[in-house]
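Me: I have a structure open and want to learn how to read it. Can we go through it feature by feature?

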Amino acid sequence: MKVCQHIALGAAMWLAVSLTPLPLGARVEPTHGFDLFSRDEEIQVGQEAAAAIPKQAPLLPENDPVTKYVQRMGANLASYAPGEKWPYTFRVVNQKEVNAFALPGGPIFVNLGTIQVAHSEAELAGVMAHEISHVVQRHGTRAATKQMAAEVPLAILGSLMGRGVLSQMAQLGISFGVGSYFLKNSRQAESEADLLGADIMYDAGYNPRALATFFARLKEQSGRSTMVEQFLSDHPDPGNRSQAVLAEAATLPKKTFLNDSADFRRIKARVAEMKPLTAQQISAQQEASPAAPATAGVTPSGAMRTFSHDQYQISCPENWRVFGDQSSSVTIAPPSGVSGNAVSYGVIISDYRPQPSGQSLDQATQDLIAWLRQSNPDQREIGHDEDIRVNSAPGKSVDLIGNSPLKDSGGKPIQERDWLVTFNRPDGSLLYLIFIAPDKDFVGLRPTFEQMLKSLQLK
Ligand code: ZN
């Protein structure tokens, strides 16, 4: 955090500076980074993505009192956002899971479930100020820029820019739709959005400590309720999250805060009566709609059963099949997600022997990715890999995109998302899981995939 110069001055200087208007107290400065998108391109790409959201997620009507309330609150908070003024818009997704997301250049979406679990207006303001901060800091297009620069040499990328960053983006399969990889923020981006969000809350008259309380509640429910996992997956805890927000709050001068409003209590009573859809119900609805592609029968049943392998044990949806047995490689998938040796929906669990043996988990995982690429040449790593822990076993999580075995109406393969998770085995081999779905359906299946991974017990 950069501290405002005035604060750092000694006591003797304080008198002098206090003759000038009082400093407002330390504020987090928005970070900037390499970004290929111009302001107009940023707005355009966000608005195009926002226009597609109603097809992917059920929105409350524009004139719904809950929408109106969130829009009023959002406009007020956004008026305190530092830096560039973006055209912010706010909509409520009729979804039960706690989540919120921001598209480049201003469109912000808040799940109804987030309002249902917020205990005060200040908590909801915290989530919204956090999203506003992602927009201010252009986290989505900065992540996309990083990815583009990793895939295309900068000199070439520069010369392509004349033809527009948007067409280049489309060519690389980068998008900002629901569940898009670029809406999943890095821990660094999260930490920045938390601190800037705390300042915006403060300036709008809310106690930033409410954001810490909200995060603490999510953390406490994590692992017990699948309702909070989406938020934590899109907005991963950078570590000591609540403490960092409290520390930022402590740098701000004391003042009297708004904690609640009659509006909030009225809206709370209203949303308590509402029955938002779960991610699973939303993807089932999309499957049932005639416009949806041929993905019928992949929706996991709510019920889970356990599959026991010689090397591990895992839970899977009751209506998915296990292809393989307790000593072989296994594919767990809906029957229609597998054809021949191609998997379009499901999970592959297998082992891999890196050459030479004795490599670190990082190296062995890279070795595995190179090997996977031999049969999937279009597959590529996207974003940043992460160290994770599954039931105390250290693992590596890597996101990949590539071509699905499924084709669009023009006969072109649709984009696939592959979530690879690896673990070292005592014998030097890797146990790996690849969770597979077309990119557009990944968000709907993610809660199931996460539930499966959480149930994994290595033997
Ligand atoms: Zn975030």
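Me: Let me start with one side chain. Is Arg353 buried, partly exposed or exposed?
Reply: First, a caution: this is a predicted model. Now the residue. Buried means under 20% relative accessible area, and exposed means over 50%. Arg353 has a relative accessible area of 48%, so it is partly exposed.

Me: Which residue forms a salt bridge with Arg353?
Reply: The general idea comes first. Side chains of opposite charge can pair when their charged atoms come close. Here the partner is Asp427, with the closest N and O atoms 3.2 Å apart. Asp427 lies in the loop between β13 and β14, and Arg353 in the loop between β10 and α16, so the pair ties together parts that are 74 residues apart in sequence. Asp427 is also partly exposed, at 47%.

Me: How many salt bridges does the structure hold?
Reply: There are 20. One of them joins Lys454 and Glu229, whose closest N and O atoms are 3.0 Å apart. Lys454 is in helix α17 and Glu229 in helix α12, so this bridge ties together parts 225 residues apart in sequence. Lys454 is partly exposed, with a relative accessible area of 42%. Glu229 is buried, at 11%.

Me: What about Asp439 and Arg417: are they buried or exposed?
Reply: Both are buried. Their side chains meet in a salt bridge, 3.4 Å from N to O. Asp439 sits in helix α17 and Arg417 in strand β13, 22 residues apart, and the pair links distant parts of the chain.

Me: Which residues are linked in a network of salt bridges?
Reply: Lys184, Arg187, Glu386 and Asp399.

Me: How far is Asp199 from the nearest side chain of opposite charge?
Reply: That side chain is Arg27, 4.7 Å away. A salt bridge needs nitrogen and oxygen within 4 Å. Asp199 is buried yet has no salt bridge. It is found in helix α10, residues 187-203. Leaving out residues up to four places away in sequence, Asp199 touches Ala26, Arg27, Val28, Glu248 and Leu252.

Me: Where do His130 and His134 lie?
Reply: Both are in helix α6, residues 121-136. They are 4 residues apart, about one turn of the helix. His130 is buried at 0%, and His134 is buried at 6%.

Me: Why is α6 called largely enclosed?
Reply: Because 16 of its 16 residues are buried. At 1.5 Å a residue α6 should span 22 Å, and its end C-alpha atoms are 22 Å apart, which agrees. After α6 comes Arg138, whose phi is positive, near 55°.

Me: Let me try a loop. Which residues does Asn319 touch?
Reply: Beyond its sequence neighbours up to four places away, Asn319 touches Thr299, Pro300, Ser301 and Pro335. Asn319 is in the loop between β5 and β6. Its C-alpha atom is 5.9 Å from that of Ser301, 18 residues apart along the chain. Asn319 is partly exposed, at 33%.

Me: Last, the whole chain. How many helices and strands are there?
Reply: The chain has 17 helices and 15 strands. Of its 459 residues, 52% count as buried.

Terms used
Residues are numbered from 1 along each chain as its sequence is written. This is a predicted model: local features need pLDDT of at least 70, side-chain atom pairs count only at pLDDT 80 or more; totals for chains, interfaces and linings use all residues. Side-chain values use heavy atoms; hydrogens and water are left out. Helices (H or I, at least four residues) and strands (E, at least two) are DSSP runs, numbered from the N terminus. Buried means under 20% relative accessible area, exposed over 50%, partly exposed in between (1.4 Å probe, protein chains only). Lys and Arg count as positive and Asp and Glu as negative; His and the chain ends are not counted. Contact means heavy atoms within 4.5 Å. The expected span of a helix is 1.5 Å times one less than its number of residues.
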